[in-house]
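I opened this structure to look up side-chain contacts. My notes follow in the order I worked.

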Amino acid sequence: MTSDTITSTTVLDARGVTMRFGGLTAVGGVDLTVNEGEIVGLIGPNGAGKTTFFNCLTGLYIPSEGQVSYKGKVLPHRSHLVTQAGVARTFQNIRLFANMTVLENVLVGRHTRTKEGLWSALLRTPGFKKAERASEERAMELLEFTGLAAKRDTLARNLPYGEQRKLEIARALASDPGLLLLDEPTAGMNPQETRATQDLVFAVRDQGTAVLVIEHDMRFIFNLCDRVAVLVQGEKLVEGTPAQVQSDERVVAAYLGTPFEGAPGADEAAEVAQAEQRTEGDDQ
Amino acid sequence: MGAAVATFASTFLAWTWTDEFPGNLTVTGYPGGLQVLTLVGSVLTLLFLLAGLGVRGLRWLTPGGSTSSALMLALGTFATTWYTVAAIAWQLGGLANLEPGGFVAAVASLLLVLSVLGLPADMPFDEEHPPAGVLARFRHVLKAPEPGPAMVLPSWAEVLLVCAACGVGLTVFTYGIGAEAEGFVGFLILTGFAAAGAYRAGLMRRVSSLTHKYRNVALTAAFFSAALFPFTQDSDAYTSVAVSILIFATVAVGLNVVVGLAGLLDLGYVAFLGVGAYTAALVSGAPTAALGVQFPFWAAVLTGAVVSMIFGVIIGAPTLRVRGDYLAIVTLGFGEIFRIGMQNLDGQSGPDLTNGPNGIPGVPDLKMFGFDFGESHTILGFELGRFANYYLLMLLFTAVIVMVFRRSDSSRIGRAWVAIREDETAASAMGINAFRLKLLAFALGATLAGVAGTVLAHVEYGVHPDGYKFVHAVPPNSAFLLAAVILGGMGTLSGPLIGAALLYLIPNKLQFMADYQLLLFGIALVLLMRFRPEGLVADRRKQMEFKEPDQVDAPTHGGGLDTKTGV
Ligand SMILES: Nc1ncnc2c1ncn2[C@@H]1O[C@H](COP(=O)(O)OP(=O)(O)OP(=O)(O)O)[C@@H](O)[C@H]1O
Ligand SMILES: [Mg+2]
C-alpha cells in the first residue's frame, strides 16, 4: 500500500467542498486529495452525496463553498474547462452519445486534445486529414485497450450494458486525463465483468492516470484502492487504507446499522445515529 | 400450388390490361398521364412478380422480399387505377363516362392485388408458423427479410448503377414537376407505393449502400443529373418551379445543420434567408433600394453571407443560452421581429431602408462575364430561359452548401454538434464548449441561408416582407423549412432535399385544395411521425432510435437495448 508514503505529488486537492440544495446540505466540507499513481475509493450509503461531490469536482455544480485544484491550479466551474485541464469522468447513469457509433463516441472524447476548426474541415486541409487520422488512431488504441475494437461501428445504444460502461471509460480516457473519476463503474455488471473492470482500472493507473472511484461493491473497492474515503450524510466519516476502513466500526455501523461498542466522540455518535436512521431506522 | 396458379393468372391479367390501355387513353380524352402511370405500375409489378418466381436475370431486382414488394407495387397500381377511374367519374359526372377499358383496368388491378395476396408470403426473420387471422396475415405479407450480401460487381458497374439510380431520380422528378394536378396525385400515389416496394425488395438498401460506398461519385452524378434538368424542358414554366425548389431545398440543407446536427430547434430560420435577400436587394442597384450602390454579384453574395452571419450571432448569442422548447419559442419570436422590422423600416416608423410593406421590387437581373441571366440563351441547341439560367447558378450554390454540410458533418466540429444534440451535459463533460459550438452552428446555418437569399432576391425580381413568414400556405417559410427537414430525415443530406421538393411541389400542384392545405399538411405530418418518425430518409445514426425491439416491424437481431430505461 502506498497510502502512507506521501512522496508523490498531489493531483487532486479538494478543500472544504460544500454543496447545498436549498436547505439540504448534500456535501458538507469535504476534503480529499488524490496523489499521482493512486486509486482512491469513495464509498457511502445511497444519498450520501458521492455523485454530488463528483459534480462539484467536475464543474457541473458550482459548490456553495470550498475549492478544487488540479495539479496546483484551481479548477474553474465550467465542465468543459475542467476536462480541458485534465480531469475526465464517467456517469453513474450511463450518458453515452447513444446514436453515435462506438468510435465516434471516443472521437468526441478527443475534442479537447485536437483543435481543427470549421475552416480546416471545410477546406479539408492536409492538417485536418492528419489530425483526423491521428485522432482515429488514438481512439482505436483506446478501444483495443478496453476490448471494444471489434465494435467500433456499432451504435453505442446497441451495446450490452457492461460494454456501455467500458465505452464510457474509453471515451473519458480519450481526453488523456491526469485524473479519472469513475461513478459506479461496475453497477449492473456480473462478477466476471466486474473483475475485468478491476483489471482495466489497474491498467489505467499503470498508464499514469490517477483514479477516484465511487462504488457500492465493497470487494471491488477493497481489492482496488490504495485509499478509501467514506462519505455519510455528505460528510467524510473515515479515510484510510482498505484494511483500516474495513475494520472501522463506524463504517460498519453506517452501512449496516449495527450498534458498535467503544467510545466514539459525541458528534460522531450523532452522525452515526443519523446515518442509521437514514439507512434502516434501527431500534438503538 | 394455388398461389402459383394465381400468379399465373395475375401476370396474364397484368399483360392484357396494359394492352387495353392505349384504346382507353384516346377514348376518354383524358390527359394521358394517369394511364401511363398505371402502365408503369403494372409493368413494374410484373417484373417484380417474375423476379419473385425466380426468372433468371431478374433476381437482382429483389434481394430482399419479393412478394411484399410486388404487393406494394400491386397496391400502388391498384390505387392509381382506381383513383383515375374515380377522377374520371367525378369530373365528367358519373360512371357512365367510363369506357369498358376503365372497368377492365379497375377489375384487373383489383384482381392483381388479390392474387398477389394469394402468393406465399416472404418469410422474414425466423418465424416458423405462418400467422393466423386475416389481419395478422396481411401484416405478415407486408414484412420483408433483409437483403443478403450484395453480389460482387466490378466497381465500374457499381458506379454505373449509381448513375442509373440518379437517372431514374431525374426522370421521376421531371415527370412529377410536369404533371397536372390530377396526374400529380396519381404520381404521388404510385411513387409512394413504388418506393415502399423498392424498399421492401431491398433495392433501396442496395442503392444506399452503393451511394455510401461511392459518396463522391453519387454526389457528382446527382449534380449532373440535376444540371440536366433544364435541358429536358422546352419552356421556362417548370424551370421557374425548379429553381424555387432548389432554393427552398438548399435552405433546408442549411437548416439541417442547425436542427439535424446540432439539435437546435430554430423556428425563425427563414429570417436569415430574408436577411440575405434584403442585403442582396439593397446592394443590387435596384431603383427603389435605399442604398444607391450596385455590387458585383460575388460581392453581393459575400455581403449577404456576412450580414446573415452577423445576424445569426446577434440572435444566437442571447437565445442559445436557453434550451429545448424555450429556444424554439425565442427563435420564433426573433423570426417575426425580422419580418415586422422589415415591414416598418419605411421612413415613417424607422429609417427608410426597406420600403416597408412594398418591399424592394425591380432587382435587376444578374450579368456576369457578359452573360445576362435575364435572357434566353441557346446552348448546344437547347434553349435556356431566364429561370434555367438561375437554376444552373443556384445549383452551383446548392453544391457548395451540400459540400459544406457534408464536410462539417464528418469532422471534429460535426461530431461535437451531434454530441451536443445527444446529451449536452455529457458533451460538455467531454470538454466541448457547448455554447460556442451551438453559436457556430447557428451562425453557419444563418450564413448558408443568407447565401441562398442573395440568389432568391434576383430570381424573384425583388424582395417583400411577406415572403418570410413563420407559416404560410406556400414555401419558403420557417414552418415548411422545418417540416422539410423533419419529413425528409433530420441529419441526412438527401432527406431535406427530398422533403423540400415534396413540400414545394404538393402545394404548387394541388392548388385546387389550397383552403385545406395546411390542415392536410398537418394530418400528413402527424401520420408520418406516427409511422415513420425518423423521416423518409433515415439517418444512419438514428435508424434504430425510434424502433422498440419488441415492435412488430422492427428486426430483432439488432438487440437494440434502450439505454435510457436500462439504467
Ligand atoms: N440537483 C439536486 N437538487 C436537489 N437535491 C439534490 C440534487 N442532486 C442531489 N441531490 C440530493 O443530494 C443528496 C445526495 O445525492 P447523491 O446523488 O450525491 O448521492 P449518492 O451518494 O451519489 O447516492 P447513490 O449511491 O445512490 O448514487 C440526495 O439526498 C439527493 O436527493
Ligand atoms: Mg451517486
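**Side-chain contacts**

I began with Lys438(B), which counts as buried at 4% relative accessibility. The model is a predicted one, so I read each value as computed from it.

What does Lys438(B) meet in a salt bridge? I found the side chain of Glu424(B), at 3.2 Å from N to O. Lys438(B) lies in helix α17 (residues 434-459) of chain B and Glu424(B) in helix α16 (residues 424-429) of chain B, so this pair ties together parts 14 residues apart in sequence. Glu424(B) is buried too, with a relative accessible area of 17%.

Next I checked the total. I noted 20 salt bridges over all chains.

I then looked at Arg227(A). Its salt-bridge partner is Glu239(A), and the closest N and O atoms are 2.3 Å apart. Arg227(A) sits in strand β9 (residues 227-232) of chain A, and Glu239(A) in strand β10 (residues 235-240) of chain A, so the pair joins parts that are 12 residues apart in sequence. Is Arg227(A) buried or exposed? I have it as buried, at 8% relative accessibility. Glu239(A) is partly exposed, at 30%. I also traced a network of salt bridges here: it links Glu38(A), Arg227(A), Lys236(A) and Glu239(A).

Glu336(B) is partly exposed at 22%, while Arg339(B) counts as buried at 14%.

**Rings**

How many aromatic pairs are there over all chains? I noted five. One of them is Phe248(B) with Tyr504(B), a tilted pair with 6.3 Å centre to centre and 55° between the planes. Phe248(B) lies in helix α10 (residues 237-261) of chain B and Tyr504(B) in helix α19 (residues 494-509) of chain B, so the pair ties together parts 256 residues apart in sequence. Phe248(B) is buried at 1%, and Tyr504(B) is buried at 13%.

I moved on to Phe272(B) and Phe442(B). Their pair is edge-to-face: 5.9 Å centre to centre, 90° between the planes. Phe272(B) is in helix α11 (residues 270-282) of chain B and Phe442(B) in helix α17 of chain B, 170 residues apart. Phe272(B) is buried at 2%. Phe442(B) is buried at 1%. With Tyr269(B), they form one aromatic cluster.

Last, I checked charges over rings. Arg95(A) lies over the face of Phe91(A), 5.4 Å from the ring centre. The charged end of Arg171(A) sits over the ring of Phe97(A), 4.7 Å from its centre.

Conventions: Residues numbered from 1 in each chain as written. Chains lettered and ligands numbered in written order. Predicted model: local features only at pLDDT ≥ 70, side-chain atom pairs only at ≥ 80, totals over all residues. Heavy atoms only, no water. Salt bridge = Lys/Arg side-chain N within 4 Å of Asp/Glu carboxyl O. Helix = DSSP H or I, 4+ residues; strand = E, 2+ residues; numbered from the N terminus. Buried < 20%, exposed > 50% of the residue type's maximum accessible area, 1.4 Å probe, protein only. Phe/Tyr/Trp six-rings, centres within 6.5 Å; stacked < 30°, edge-to-face > 60°. Lys NZ or Arg CZ within 6 Å of the ring centre and 35° of its normal.
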